[in-house]
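Student: I'm new to this one and a bit lost. Could you pick a single chain, look at it closely, and then show me what else is there?

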Amino acid sequence: MTEETFEIELTVNGVRRTARAPARRLLSDLLRHGLGLTGTHVGCEHGVCGCCTVLLDGEPVRSCLMFAVTASGHEVTTVEGLAAPDGEMSPVQRAFQECHGLQCGFCTPGFLCTVTALLRDTPRPTDDEILEGISGNLCRCTGYQNIRRSVRRASELIAADPASGGPPAGEAGEGGR
Amino acid sequence: MKPPPFAYRAPRTLPEALAALAPAAPGTGSDTGGGGVGKVLAGGQSLIPLLNMRLAAPERLVDINRVAELDTLEVTGAGVRVGALARHARVGRSAEAAAVQPLLRRALAHVAHPVVRNRGTVVGSLAHADPSAELPAVLALLDGSVEAASAAGRRTIPAGGFFLGPLEPALLPGELAVSAFFPALPPRTGTAFVEIARRHGDYALVGVAATVTLDAGLRVAAARAGYLSVAGVPLVLDLTAACAGADAVSGGGDWEDAAAYARERVDPESDIHASADYRRHLAGVLTGRALRAATADAIDRAGEGR
Amino acid sequence: MSTRMFGEPVARREDPRLLTGRGRFLDDLGRDALAAAFVRSPHAHARILDIDVTGALDVDGLVAIYTFEDLPDQVGAPLPVLLPHPALTHGRTARPLARDVVRHVGEPVAMVVAADRYLAEDAAGLIRVEYERLPAVVGIENAEAARDLVHDDVPGNVGAVLLQENGDAAAAIDAAPHVLEFRLAIERSASTPLEGRGVCARWDADDGSLRVYTSTQASTSVRAAIAARLDLPAGKVEVVAPDVGGGFGVKIVHPWPEEVLVPWAARLLGREVKWAEDRREHFVAAAHERGQLHDVRVGFDGAGRVLGLDVRIRHDHGAYTPYGIVIPIVTSTQLLGPYKIGAYRAEVVSLYTNTLIVTPYRGAGRPQGVFCMERTMDRIAGHLGLDRGEVRAANFIQPDEFPYDQGLTFQDGRPLIYDSGDYPGLLRKVRDLIGWDGFGALRAEAAARGRRIGVGLGCYVEGTGVGPYEGGHVEIDSAGRVHVSTGLTSQGQGHQTVFAQIAATELGVPIADVHVTTGDTRRFGYAVGTFASRAAVMSGNAIALACRKVRAKALRIAAEALEADPSDLEITEGEVHVRGDRSASVPLRTVAVLSNPLRYAFDEQTAAATQFAVGGSPSEPPVAAGDEPGLEGRDYYSPVRSTFAAGAHAAIVEVDPDTAEVRVLRYAVVHDCGRLINPMVVEGQIHGGVAQGIGGALYERMVYDASGQLLNASFMDFLMPYATEVPHIETDHLETPSPLNPLGVKGAGEAGVIPVSAVIASAVEDAEGLRVDAMPLSPDELFDLRRRAEHDPALRTRAVNGP
């Protein structure tokens with residue numbers, strides 16, 4: 001009962017990576033266990049908690065609701081790819097530390113990816129836009145108050161230094177997948 | 001919570017996709033476990049949770065994400081045609097689509113959460129035929145249609161005949177829903193979409209999509225509502241007669257007749273989140289809210305000459 | 001830069017790691033480990049007739065399948081009752097794998113080990129277990145009716161009966177001018193950390209030792225348990241809690257079946273084995289909490305003073321009692337809150353049901369007790385037509401009455417004596433914060449616009465920092481780094497920061513030089529665990545005491561080098577100098593070198609410390625009698641009893657007149673946890689607690705059907721709040737230092753969650769004028785309550801008074 005495997009080629013955090021895996025291998029598992037990028041966490045495996053959120057061609061998606069083989073040929077950004085190449089944390093990451101936007105840190109990578117894309121598309125979000133933007137991510141520790149504050153703070157940091165907004169947007173935008 | 005094994009096809013063209021979906025697909029005889037009926041994988045936002053929980057175990061998945069010709073969104077004066085690969089987010093962002101049929105954008109704002117809408121597809125949601133989902137109710141209300149294709153040919157399935165039961169679309173084995181058509185909004189017509197969910201983004205306990213058309217004197221000429229979570233399939237009610245007492249011009253008026261009419265006709269079930277009684281009550285409340293909002297919208301649009 | 005870090009909102013030192021994907025959680029470890037999965041009972045109560053594994057044997061990558069028959073005696077024996085208690089006359093626990101009867105859905109029946117988790121699940125799905133269904137006991141009332149038994153040898157399904165008594169409550173109530181009787185209910189919820197449980201074990205055959213990583217709140221005790229089960233000396237077992245993705249109580253239970261089985265299999269197979277719990281498993285195989293029914297009888301006078309209170313508490317502890325009856329003990333004692341009442345009697349009946357085990361979840365019985373007492377206060381106010389705040393004020397223990405003895409025995413077996421507090425001050429502050437006195441006008445204004453709003457209030461006292469002890473070890477190395485370790489574990493509370501703040505302040509070193517390790521038996525072997533809001537109190541004080549030892553030693557050694565008296569010295573920014581004079585100083589790294597007389601030199605610094613370089617009297621040993629080499633210290637903090645934090649919460653809610661939806665418009669918290677080590681961290685703990693409380697009040701429940709199936713075992717249907725469901729939380733603090741410990745601190749971890757259900761019930765009742773006796777409250781249930789109240793005046797409150 002040997003399972004068929006597929007060649008999977010991804011650009012992850014700007015680096016071309018290849019792997020062989022069965023079609024059923026979830027993108028979250030390939031990133032974590034196949035490529036060793038364990039920063040992406042898995043909290044429910046049915047698409048509700050948002051811990052596994054990564055950027056696919058710049059857009060946040062649930063990596064537990066996608067097969068790695070489907071993602072083949074696309075660009076993926078994980079939490080490991082949010083900081084600058086020299087290791088300096090992105091404005092979103094810095095804001096989360098400054099505003100105590102994390103406690104256990106398990107849901108945090110999903111929030112960071114979601115918020116990075118949110119602020120790229122909406123650099124000066126209203127409070128309602130922030131709430132809607134993070135409304136699909138569960139956090140059991142913080143009560144969200146400091147996460148909302150972190151997003152506002154990140155928006156300020158980006159405004160102060162627009163070049164620091166985050167990772168390359170990939171093929172963000174409409175169509176063309 | 002890992003999906004069970006399945007045979008996997010990733011066609012690049014529609015004919016390839018239809019061939020892969022065909023029962024006991026010819027030309028794939030040498031494959032491992034690839035026989036039987038294929039299941040379409042598009043956005044995967046409903047299917048993959050079922051797979052991860054091993055509540056579904058299709059023998060063969062046909063991943064249509066590489067079929068570029070299905071990634072379409074065509075807007076004409078007649079309406080909005082959404083291809084099988086158009087994601088909720090793309091359709092929701094389209095100003096052209098919103099101009100021709102504003103209800104689409106209104107309803108999409110209630111579909112799960114933004115991140116899910118980045119992957120989930122409009123046609124996939126229709127083909128999933130969940131009576132608690134927003135888009136089936138919208139397609140039904142607007143008398144839209146689904147275009148289905150198979151190796152044997154194409155057919156257009158009107159919304160009224162598409163939803164056969166919970167999670168049961170009128171698609172035959174081997175058929176792929178290639179697009180859905182949402183007709184344009186008529187003149188002097190307004191829309192609204194309201195729903196009550198336990199948490200923001202959850203499936204609605206009850207939801208109502210409504211269209212209200214005014215006559216030249218700004219009286220209600222036609223009022224219809226589409227309901228989710230109140231029956232096994234989307235329910236559409238013509239509320240025109242029940243709206244006779246409503247005063248559109250004031251924007252307020254009495255929608256109680258329409259609400260009562262709705263309460264009598266819905267047939268909800270109880271589940272762990274809400275009783276049938278409560279759902280029936282909500283159907284009435286939301287009928288009034290939806291009609292009021294749709295009427296106000298119609299007046300606005302009429303004022304703008306649309 | 002000041003080295004006085006205590007009390008400052010210092011940015012968390014663990015954050016950069018966690019923010020850049022460099023955290024190491026359980027499932028991030030053991031990349032090459034084999035994966036375990038479990039066959040779990042699909043039935044709530046059944047006899048196992050046969051287990052047939054043949055179908056699974058063909059699965060590619062299968063390594064092993066184990067059932068009870070495969071387990072050696074010590075491994076397969078029933079798990080321990082961790083907290084025995086005289087009242088727990090019928091404690092029962094499960095075996096790691098079921099032997100013949102399963103008693104809840106999710107109970108492990110077989111373990112599969114395979115190359116990866118996908119294949120392990122494939123094999124698990126092909127194992128056929130034949131069951132004979134037995135009648136399931138679900139719900140407190142069915143358990144008590146005892147038509148069927150969960151355990152054949154536990155009559156009446158009663159695990160424990162516990163009496164707490166102070167005075168003659170029945171007589172006091174009978175003699176009281178006013179008496180009320182009512183029933184209250186709280187449903188089940190659960191900790192639900194976003195990271196489930198998990199274990200990863202590695203057997204080193206050459207060394208004969210075992211290393212176990214586990215997502216636990218108690219690594220030292222897990223070590224003891226595993227060592228006993230696997231017949232290894234504790235010194236050959238290392239247990240490490242890596243980054244833990246939330247605990248909230250559920251990870252204090254140990255050893256879990258998986259914590260025994262995974263290390264056992266790793267040794268047997270000679271391969272690293274890992275089990276990472278998935279979400280569905282967590283719902284049916286970890287633990288729940290909260291479910292209780294209270295029958296209350298209260299007597300009071302015309303001012304609302306409680307003269308006698310009698311509460312019968314029925315507690316659903318699920319199928320087994322591994323964690324004893326701590327929860328109802330806490331409920332029955334903490335129920336008293338900040339009040340001095342006349343006579344009190346609480347009878348706890350703890351019952352078996354065919355549902356998942358019930359063990360502490362943040363608050364651990366307090367939310368139920370506070371719900372009971374605060375609903376009682378509101379009832380009294382309603383009955384007498386008094387302001388709800390005034391009734392509470394009439395019953396408060398006053399600031400000059402501490403220490404105050406409640407005359408009961410607390411969960412640590414010690415007398416329930418409150419150490420300090422200012423309850424009237426808390427109430428005053430929360431009334432100001434929420435605008436209690438001006439609320440009447442606000443309500444009228446809202447009503448004029450067709451909106452229905454209400455205000456609610458709740459007070460609580462929380463015993464924190466229970467013993468028996470924690471320890472701290474502090475070592476300064478020759479590079480000047482300060483290594484702090486303590487045995488208890490961290491699950492997001494910021495221990496690497498707050499313990500570093502304590503050490504930096506005590507030692508006078510920059511916080512950047514301090515490195516904290518928690519929950520690693522390799523570094524500190526004696527500990528109790530992280531629960532009951534005890535880490536800051538217990539380990540915080542132990543670390544402070546250890547630092548004081550190190551500081552004294554550093555001053556003594558530096559005094560010789562500086563030719564000064566130790567009592568004239570102080571440490572600033574890691575340098576020892578004469579107080580007020582930094583012209584001559586010795587850095588601590590040099591003191592560390594001087595503290596350790598060497599024979600061998602390996603660099604310039606150590607050359608200065610060899611026995612040839614250091615002078616000293618030839619007649620004295622290089623290490624003086626009673627002294628030790630090295631600049632390190634270890635100390636323990638063991639309190640005589642708990643310290644008692646307190647708080648008052650208030651909320652304004654809006655209820656939709658048409659849909660019965662409840663929205664929290666404002667939420668205010670005033671909290672007293674003694675001296676604050678890091679106000680930012682404390683505030684974060686409060687926010688998170690309140691959010692869990694909102695979940696418990698309005699969203700979360702465990703829905704079992706009559707056959708014992710958990711109907712909402714997913715995040716789709718277990719409604720943990722998103723950001724959109726949690727209100728903004730306004731906070732204020734009051735600091736009454738604890739006289740019991742050197743730092744004057746009290747615990748803060750659980751405070752936020754404790755009174756929320758009581759507060760929301762109070763506010764909804766106020767808005768609706770309907771009696772709210774059960775939590776959580778869904779819109780559906782409120783709709784139903786409205787309907788029933790149309791025909792039943794008993795469900796309507798009097799016009800709720802004040803503000």
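Tutor: Let's take chain A: of its 177 residues, 66% count as buried, meaning that 20 or more other C-beta atoms, placed from the backbone, lie within 10 Å of a residue's own. Keep in mind that this is a predicted model, where local features need pLDDT of at least 70, side-chain atom pairs count only at pLDDT 80 or more, and totals for chains, interfaces and linings use all residues. Residues are numbered from 1 along each chain as its sequence is written, while chains are lettered from A and ligands numbered from 1 in the order in which they are written.

Chain A has six helices and five strands, which are DSSP runs numbered from the N terminus (H or I, at least four residues, for helices; E, at least two, for strands). Starting at the N terminus, their order in chain A is β-β-α-β-β-α-β-α-α-α-α. The radius of gyration of chain A is 16 Å, close to the 16 Å the globule rule gives for 177 residues, so chain A is as compact as a globular protein of that length. (That radius is taken over C-alpha atoms, and the rule is 2.2 Å times the number of residues to the power 0.38.) Along the principal axes, the C-alpha atoms of chain A fill a box of roughly 55 × 30 × 30 Å. Now for contacts, which are pairs with C-beta atoms within 7 Å: among those in chain A between residues at least 6 apart in sequence, 62% join residues at least 24 apart.

Next, chain C. An automatic or database assignment divides chain C into domain 1 (32-134 + 191-285), domain 2 (292-466 + 640-795) and domain 3 (468-595 + 630-637). Between domain 1 and domain 2 of chain C, the C-alpha centres lie 36 Å apart, and 30 residues of domain 1 are in contact with 26 of domain 2.

The largest nonpolar core has 418 residues, and Ala503(C) is among those with the most contacts inside it. Such a core is a set of buried Ala, Val, Leu, Ile, Met, Phe, Trp, Tyr and Cys residues joined through C-beta atoms within 7 Å. Helix H15 (residues 535-562) of chain C gives the most to this core, with 15 residues. Leaving out residues up to four places away in sequence, Ala503(C) touches partners including Val474(C), Ile543(C) and Cys547(C).

Finally, chain C also meets chain B: 23 residues of chain C are in contact with 17 of chain B. H3(C) gives the most to the chain C side, with five residues.

Note on methods
Buried ≥ 20, exposed ≤ 12 C-beta atoms within 10 Å, placed from the backbone. Contact = placed C-beta atoms within 7 Å.
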